[in-house]
Amino acid sequence: TEVKVGENVSKIGSYFFSYCSNLSTVNLGSNLEEIPSGTFSRCSALASVNIPQTVTEIGGCAFQDCKALSSISIPARVTKINSSAFHGCTNLKTFIIEDGDNELTMGDSFNSPFSDNCAIDSLYMGRNISISHYGKWTNLTKLTIGSKVTNLHGDYLFSSCKIITKIYPLWEQPITTSKSYFADAVYQNAT
């Protein structure tokens, strides 16, 4: 089942599409400002969603348990991804944070946007991020850090990355990181 949200829609309600178990494709209109809490939670067949460039925030549990979702691209204007936004997305392998000038805050002091042992194995970071909860990137094998990244905030953000094999730094100037940003194993295994 496919849903198209019209171009004139700027807001949709929290949990609006939650539990639509047959929903597989969503096309969001180009004027949408936010994906509120739980909007697509437990849409287990959701495999494809475009997040328009106008979105600035992704609410808590917005895509929780979207088990068919395998990749997602976070637009440059998004400045906040709330806790548990992608919790239980067991097939989410590719996560792209598009290049931008606005810092992206992820989660809160209690919860990450992702589950423990999240499935993401490829991460592109196109701008500065801040995350106050330790990283849960246990399956990450490829990390690309874009040229707009100047600092990364989040103690132990990549400390769980024991199997990472490729780090692609695209930045042109040194970046500032928090303490223990990467686990020692990352430096030993990565090229």
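Glutamate 33 counts as partly exposed, because its relative accessibility is 35%; here buried means under 20% relative accessible area, exposed over 50%, and partly exposed in between (1.4 Å probe, protein chains only). The structure is a predicted model, in which local features need pLDDT of at least 70 and side-chain atom pairs count only at pLDDT 80 or more, while totals for chains, interfaces and linings use all residues. Residues are numbered from 1 along each chain as its sequence is written, and side-chain values use heavy atoms, with hydrogens and water left out.

Side chains of opposite charge can pair when their charged atoms come close. A salt bridge is defined as a side-chain nitrogen of Lys or Arg within 4 Å of a carboxyl oxygen of Asp or Glu, and the count by this rule comes to four salt bridges. In one of them, glutamate 33 is joined to lysine 11, with the closest N and O atoms 2.8 Å apart. Lysine 11 lies in the loop between β1 (2-4) and β2, and glutamate 33 in the loop between β2 and β3 (34-35), so the pair ties together parts that are 22 residues apart in sequence. The strands named here are DSSP runs (E, at least two residues), numbered from the N terminus. Lysine 11 itself counts as exposed, because its relative accessibility is 61%.

Aspartate 65 is buried at 16% relative accessibility, arginine 42 is partly exposed with a relative accessible area of 31%, and lysine 67 is partly exposed at 36%.

The strands come next. Asparagine 27 belongs to strand β2 (residues 25-27) and is partly exposed, with a relative accessible area of 29%. Asparagine 27 and valine 3 are 24 residues apart in sequence, yet their C-alpha atoms are 6.3 Å apart in space. Apart from neighbours within four places in sequence, asparagine 27 is in contact (heavy atoms within 4.5 Å) with Glu2, Val3, Lys4, Val5 and Asn50.

In a regular strand the side chains alternate between the two faces of the sheet. Strand β6 (residues 71-74) has Ile72 and Ile74 on a covered face, and Ser71 and Ser73 on an uncovered one. Strands pair if DSSP finds at least two bridges between them; β6 and strand β8 (residues 94-97) do so in the parallel sense over four bridges. Phenylalanine 95 in β8 is the bridge partner of isoleucine 72.

Rings of Phe, Tyr and Trp (its six-membered ring) pair if their centres lie within 6.5 Å; planes under 30 degrees apart count as stacked, over 60 as edge-to-face and the rest as tilted. Seven aromatic pairs are found in the whole structure. The rings of phenylalanine 16 and phenylalanine 17 have centres 4.9 Å apart and planes at 80°, so this pair is edge-to-face. Phenylalanine 16 is exposed at 53% relative accessibility, whereas phenylalanine 17 is buried at 10%. Phenylalanine 86 and phenylalanine 95 are also edge-to-face, because their ring planes stand at 85°, with centres 5.4 Å apart. Ring pairs link Phe16, Phe17, Phe40, Phe63, Phe86, Phe95 and Phe114 into a cluster.
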